[in-house]
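I am opening my notebook on a new structure today.

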Amino acid sequence: MISKEEMFKPILAVSDGFRPIWNEFVSEWEDEAELPQYLALSDLATYISGLVTESRTRELSDIFEVIERWLIEGDGYVREAAIVGILEDLQNTNVVGSDVPDKVQELLPPESQKQWAKIIEFWDTGRITSE
């Protein structure tokens, strides 16, 4: 089970490019009792957007596999953060730009695809009915 405290370790293991962003984030929030990880997820979404624009598919694939693990192996916080904190941000054109969401969706593994569709359904209907 991946816990909140361990959540970012697998991302840092597969993405050297995100590490300086993470280190700056940790430094900025070092005086807080707890890191506001949802803000770091928004930073990650922005970073992923750049990778999509640069067509860096290998690193994207590695990052999306970690997100998939968050959805499958994460505790409740981690699963919710993966859905609301990263997948939803990756659909938000105000966060990632207008052409990124479609490109991201094509690269997502199965569970991430399922959660992606549920987010769209929720925003379209106000409820989630699909399994």
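Which helices do the buried residues of H8 pack against? I looked this up in the model, which is predicted. The buried residues of H8 pack against helix H4 (57-73), helix H5 (76-91) and helix H7 (100-107).

Entry on H8. I listed its buried residues: Ser112, Gln115, Trp116, Lys118, Ile119 and Glu121. Then I checked the length of this helix, residues 110-125. At 1.5 Å a residue, its 16 residues should span 22 Å, and the end C-alpha atoms are 22 Å apart, so the two values agree.

Entry on H4. The 17 residues of H4 should span 24 Å at 1.5 Å a residue, and its end C-alpha atoms are 23 Å apart, which agrees. Among the buried residues of H4 I noted Leu60, Phe64, Ile67 and Trp70. The buried residues of H4 pack against helix H1 (9-14), helix H3 (37-53), H5, H7 and H8.

Entry on the core. The largest nonpolar core has 35 residues, and I wrote down those that touch the most other members: Leu44, Ile48, Ile67, Trp70, Ile86, Leu90 and Val104. Two or more residues come from each of H1, helix H2 (19-28), H3, H4, H5, H7 and H8. H3 gives the most, with eight residues.

Last entry, on Ile86. I left aside its neighbours within four places in sequence and found it in contact with Leu41, Leu44, Ala45, Ile48, Ile67 and Ala81.

Technical notes
Residues numbered from 1 in each chain as written. Predicted model: local features only at pLDDT ≥ 70, side-chain atom pairs only at ≥ 80, totals over all residues. Heavy atoms only, no water. Helix = DSSP H or I, 4+ residues; strand = E, 2+ residues; numbered from the N terminus. Expected span 1.5 Å × (residues − 1). Buried < 20%, exposed > 50% of the residue type's maximum accessible area, 1.4 Å probe, protein only. Contact = heavy atoms within 4.5 Å. Core = buried A, V, L, I, M, F, W, Y, C linked by side-chain atoms within 4.5 Å.
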